[in-house]
Amino acid sequence: MTGETSAPPPTGEPPRNGEELTEAEANARLRTLSRRGFAVAGAAALGTLLGWRWLLRQATREDDLAWPLRRALQTNREISEALFSPRRLAPTSSREAVGVLRPNGTIGLKDADFRLEGWRLQAEGLAGGAASFSLAELQALPHVEMTTEFKCIEGWSTVAHWAGVRLADFARAHPPPTRSGRRFDLERPDDAPPYLSLETPDGEYYVGLDTASALHPQTLLAWALNGEPLSEEHGAPLRLVIPVKYGIKNLKRIGTLAWTTRQPADYWAELGYDWFAGL
Amino acid sequence: MPRLVQKHSLATRWFHWVNFPVLGVMVGSGLLIYWANDVYRVGVGGWTLIRFFPDWVYRLLSLDHGLALGMGWHFAFAWLFVLNGLAYVVYIVSSGEWRQLVPRRRHFREAWDVVRHDLGLRKEPLPPAKFNAAQRVTYSAIVVMGALITMTGFAIYRPTQLAWLTALCGGYQAARFEHFWLMMGFVAFFGLHLVQVVRAGWNNFRAMVIGVERVDAPPEAPAASPAPSEVRP
């Protein structure tokens, strides 16, 4: 449309860029272009509006996401899993950096009949079936300490010091079943069931994890926070600490953990949050 | 005699108008997320001038109690925002249009003249150009801000996997702070842009839809034409 040097175009052809026109020619040309341009713009705006309203209607429950948004979260998870190593460590801090961790929620901790003394960790879906463990038995396993930044999905974060047993070490001592039938090997996590489910003793709060995140070297079954045994509000006697996930996955007062082949229910995912919730 | 001059290419117009609703979704869903921990304010010590945001703002915009919803929208539409922005940058570079857009040293000086001109404090007309010095500075700055808000966004989104990026931003909370204020910058840009578009009038706005602008001034004499590098075919 530009740069031509030939004679003026015959009548009916659009004028060249920057060509001097009569008032009538200019107005006629602007009318043609405006009709076309605003028709496309109007159609695009209408399409956007209809698409928006359609998307808003795709939530099947009031407290869940529309399925295309749910699908996008799932795609984001797949992109993350394809690009990133599931063993990458969350940055650690010095112990001086610890802050005061907000308890931020008592779901699953409200059972008035719960007694610390009688507590045992129920483990299900192990290679040898179900088993239960006292805190002392868990503390007899090799344990670790770490100082990491706890990140709440609300947006705040606090550096905290934890002590506990790596879930991976627990799995080594009390292995899950494998598809191959061989003994579970940490180097072959794909051989284990793909998911781990955890819930509070009263079943009110429950969390699902992908096995790669569950076996991450910083995923702990923790019994101490900032050098003190866990307080009740922080999930005594044993809680999950998983720095590669938002706080919502860091379940307090673990009652049961179970290896499973189906993606487990997750308290916050049922309320519209990302099931994966990885960091 | 009037002339019709091609001002914005079809590609530029699509990038612009796609970005408009996408940015709206990003800001709206971002505020839904921010609401859950709305800690930023302007003030000194214990004295607060303004808190971001007063409750009536969330209520007015219906942006309260929607963290999960906000995250769902934000992490879906972020891809559109990033891809549209990347496509725009690739286009602007490969088409050579960046030459009319990227400010040179003198434009930073002249931008101040434009500001005074627009406020009615300077009477001399602005030198003719597709984009004046202030437009060059702001339209380029907004692209840089787009890159920064993407970077800080990823730093918040995957602070373990992209720990190097989060560290580059000064940490997790620093990245969140930067992301918020870049958003405020985008909102401020949008407000100013809207005012300037209204001031510039219909011919200018129409050019963003149909691409063509009506020009009534005679074509410039060759001597007054811009430097060769700025001439478009």
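Here are some friendly questions and answers about a predicted model with chains A and B.

The model is predicted, so local features need pLDDT of at least 70 and side-chain atom pairs count only at pLDDT 80 or more, while totals for chains, interfaces and linings use all residues. Residues are numbered from 1 along each chain as its sequence is written, and chains are lettered from A and ligands numbered from 1 in the order in which they are written.

Q: How do you know how confident the predictor is in chain A?
A: The pLDDT, which is the predictor's confidence in each residue on a scale from 0 to 100, averages 93 over chain A. At least 70 is reached by 96% of the residues.

Q: What makes residues 1-9 of chain A a stretch to read with care?
A: Their pLDDT stays under 50. Where pLDDT is low, the predicted coordinates should not be read in detail. The model has seven contacts beyond four places in sequence for residues 1-9 of chain A.

Q: What makes residues of chain B count as being in contact with chain A?
A: Two residues are in contact if their C-beta atoms, placed from the backbone, lie within 7 Å. By that rule 34 residues of chain B are in contact with 43 residues of chain A. The largest share of this side of chain B, eight residues, comes from α3(B).

Q: Why are 23 residues on that side of chain B called nonpolar?
A: Ala, Val, Leu, Ile, Met, Phe, Trp, Tyr, Cys and Pro count as nonpolar, Asp, Glu, Lys and Arg as charged, and the others, Gly among them, as polar. Sorted this way, the side of chain B that touches chain A has 23 nonpolar, six polar and five charged residues.

Q: How do you know which elements chain B has?
A: Helices (H or I, at least four residues) and strands (E, at least two) are DSSP runs, numbered from the N terminus. Chain B has eight helices and four strands.

Q: What makes the crossing of α2(A) and α3(B) left-handed?
A: A crossing is left-handed if the near helix is turned anticlockwise from the far one by less than a right angle, and right-handed if clockwise. α2(A) passes α3(B) in the left-handed way. Helix α2 (residues 67-83) of chain A packs against α3(B) at about 60°, with the axes 9 Å apart. Here axes are lines fitted to C-alpha atoms, for helices over the stretch in contact, and angles run from 0 to 180 degrees between N-to-C directions. Among the residues making the contact are L69(A) and W73(B).

Q: Why are β3 and β4 of chain A said to pair?
A: Two strands pair if DSSP finds at least two bridges between them. Strands β3 (residues 143-151) and β4 (residues 157-166) of chain A have nine bridges, in the antiparallel sense, so they meet the rule for pairing. E149(A) stands opposite V159(A) in β4(A).

Q: What makes β2 and β6 of chain A edge strands?
A: The open sheet of five strands has the order β2-β1-β10-β5-β6 (chain A), with mixed pairing. Strands β2 (129-133) and β6 (206-210) each pair on one side only.

Q: What makes N226(A) and P237(A) stand out?
A: Most residues other than glycine have a negative phi, and most peptide bonds are trans. N226(A) has a positive phi, near 50°, whereas a cis peptide bond with omega of about 0° joins A236(A) and P237(A). P237(A) is in the loop between β8 (228-229) and β9 (239-241) of chain A.
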